[in-house]
Amino acid sequence: MDVESETPVNLPIPRGGVRPRRLAASMALTVAAALTCGATAGTTARAATPAVNVTVNAREGLGTVPDTAYGANQAVWDGQMNSPATAKLLGQAGVRMMRYPGGSYGDGYHWQTNTVSGGGYVAPGTDFDSFMGTVKAMDAQAILIANYGTGTPQEAAGWVRYANVTKGYGVKYWEIGNELYGNGHYGADWELDDHADKSPAAYAHNLVEYAKAMKAVDPTIKVGAVLTLPGGWPDGSVASGDGGDWNQTVLPIVGSYADFVIVHYYPNGPTSAADSLRQTQLLPAQLAQVRQEIDQYAGPNGRHLGIAVTETENTYQPDTQPGALYNADVYFTALENGAFTVDYWDTRNGMGNVTTAPDGATDYGDGGLLSSGQCNGDGVCEPPLNTPFPAYYGIQMLSTVARPGDTLIRAGTDDPLVSAHAARNADGGLSVELVNKDPDHARTVDLDYAGWTPGGDTPTVYTYGAEATSITTAREGTATTQVIPPYSIVTLKLTPSPDNPIGTTSAAPGDPAATDVTADSATISWQPVAGGDVTRYEVYRQFGTDSELLGESTSTSYTVRNLRPGTSYTLNVLAVDQKGHLSMPSPPVRFITGTPGTSTCAVTYDVATSWGSGFVANISITNTGPDPITGWTLAFTFPTDTESVSGSTWNGDYSQDGRHVIVTPAGSDAYLAAGAGNTVTTGFVGDQSGPDPSPTSFTLNGTVCTTTYSS
């Protein structure tokens, strides 16, 4: 998002590229009918809703909260970025990751002179040393954008030397550039890039040189590579002369040199607050596709590459209550699905276009966490300098749920207007966050717990209500029933029952990994629990908020068998002590089983082209068995509900039920002779409203086929 339409505090718009918030605005988001009722304040009131059912499963671990989890961007055009008030407020919000020097400015910023190429405005007191003083005062970490667009590997290496050798700041995370896919190679041009070759291959090869030069100074640093987010522009675009899209091109080259990848997440062209809040439901599939692409293209080092979401913001009236609801939901959604940091864009932007939200609240077009205290030419003024906007409180509420070291666990809800997230806390307690996105109606929430038993104490409840100026605390309701006000964020702090089946002291098994993954089996291995009295380990599969015990082991590995080909699995490992108490769950291990190496049929799935709202897929079907086939039925399932077959198909009749697709012959293509020489090709135009991962398995007349992919 970067420079965009932000105004630096008390100064004109900086140079660096004013670009549209989302170039993929043409992507038509599929809108579930269940979400259209009561979506915005001021709509017709509906009848009282039934109770919302929320299930929390303490066996299903989603990862430990890292100390980098809650972050925010700092921009050098913000003259208040290093003020004591800023450090105090961000620290109180739990921000522990600070990104610098600010989005697209990163590709023009020269750290030695504290200047931006082309004369972009830099406020006094925003130099690197001043920034690091604020970082240290907050006991936070920095993530820095090394200047790719107008810099050199030598300049970046000099920054590493100054930061970590000369000054001893210990800066660990370094991004190589910002949104370099916006350098004009795909048509849109907002990112500074002076390289003659602006292709993804050139970026990747140059990143390798940056990584070599920087790690020669400090081999302990971690280097990040820019990727595109599936479902957002320019994902899937292949420019003239390129052999694949951005991610397909970059990952094979940087896989052995990068330590993490960078994606930015913004709602695509939201038309309302409800639309913006609803789109967070797409993020799990988008991040899953990022991980799938890393595994497919990045080589042996791929499993070690982290994912950083270094920019995010609600893009529809972000200064109002939806900004808080968005942050409370999107941070945990990203962290639960593999991100190690989520960084808000940004602390202050300056006043922009003033609008009025449906509930009467004023949006100042700022999009920052804190007010810049500006007034416009019409005499409309933001709140006083440093007044928190609702988005700030959305981040502050995160720490009432989970702090670094706590374990995120699975929570699910049956109401699309209520989000739920949960964590096991280091003190043995459990916290549940509930986000009510309905501006008009409260919700009565009935909570059920699996693998953990709450005590009988009245919960401590933290609440951030609509357009409130603080977070309130009270002891109210029970562990199983709570009333959640409209447009609010609520956190329940629960204590365990004395006979809680999960122990409070046993650590989780560490670093689980899947190896030898075949069509129907996988070997899971993990690090043993240090200390404690462990008698065995149990391996569970996640089914939404349900768990399936797959098996037990007295060693630190287990081979899971009888798996389904072409299926995505998420597993956890838990230790069991002599009393039968379970430990905390391990981090999740995710994998997709393959298809059979040999079968009586073979399928090739080829995405010939794709764009923001659709794609073209060709499917080749071959009879590799000994017998001819007269009449065939091909079946497959889209991995996400953001994909569908449009009305345009060829050489086959298509029908779709939910995500499941059936293809039958058209005309003379019904006969497939025996042997590998007889192939039928069919295809379709697909619609997409978000990520578009390829189907993982195809069956021909019920037989799972060997499957290959090309693109």
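In this predicted model, the link of Cys601 and Cys705 is left-handed, with -100° about the S-S bond. The sulfur atoms of Cys601 and Cys705 lie 2.1 Å apart and form a disulfide. Cys601 belongs to strand S29 (residues 601-611), whereas Cys705 sits in the loop between strand S39 (703-704) and strand S40 (706-710), so the bond ties together parts that are 104 residues apart in sequence. Cys601 has a relative accessibility of 1% and therefore counts as buried, the cut-off being under 20%. Cys705 is likewise buried, its relative accessible area being 0%.

A search of the whole structure finds 2 disulfides. Cys375 is joined to Cys381, with an S to S distance of 1.9 Å. The link of Cys375 and Cys381 is right-handed, with 105° about the S-S bond. Cys375 is partly exposed at 46% relative accessibility, and Cys381 is also partly exposed, with a relative accessible area of 35%. When the bonded cysteines of the chain are numbered in sequence order, the pairing reads 1-2, 3-4.

Helix packing was examined for H7 and H8. Helix H7 (residues 283-297) packs with helix H8 (residues 321-336) at an angle of about 30°, and their axes are 9 Å apart. Because angles under 35 degrees count as roughly parallel, H7 and H8 fall into that class. The crossing of the helices H7 and H8 is right-handed. H7 contributes Leu283, Pro284 and Leu287 to the contact, and H8 contributes Val330, Thr333 and Ala334. By class, the contact of H7 with H8 consists of 5 nonpolar residues and 1 polar residue, with no charged residues.

Note on methods
Residues are numbered from 1 along each chain as its sequence is written. This is a predicted model: local features need pLDDT of at least 70, side-chain atom pairs count only at pLDDT 80 or more; totals for chains, interfaces and linings use all residues. Side-chain values use heavy atoms; hydrogens and water are left out. Axes are lines fitted to C-alpha atoms, for helices over the stretch in contact, and angles run from 0 to 180 degrees between N-to-C directions. Helices (H or I, at least four residues) and strands (E, at least two) are DSSP runs, numbered from the N terminus. Angles under 35 degrees count as roughly parallel, over 145 as roughly antiparallel, 65 to 115 as roughly perpendicular and the rest as oblique. A crossing is left-handed if the near helix is turned anticlockwise from the far one by less than a right angle, and right-handed if clockwise. Contact means heavy atoms within 4.5 Å. Ala, Val, Leu, Ile, Met, Phe, Trp, Tyr, Cys and Pro count as nonpolar, Asp, Glu, Lys and Arg as charged, and the others, Gly among them, as polar. A disulfide is a pair of cysteine sulfur atoms within 2.5 Å. Buried means under 20% relative accessible area, exposed over 50%, partly exposed in between (1.4 Å probe, protein chains only).
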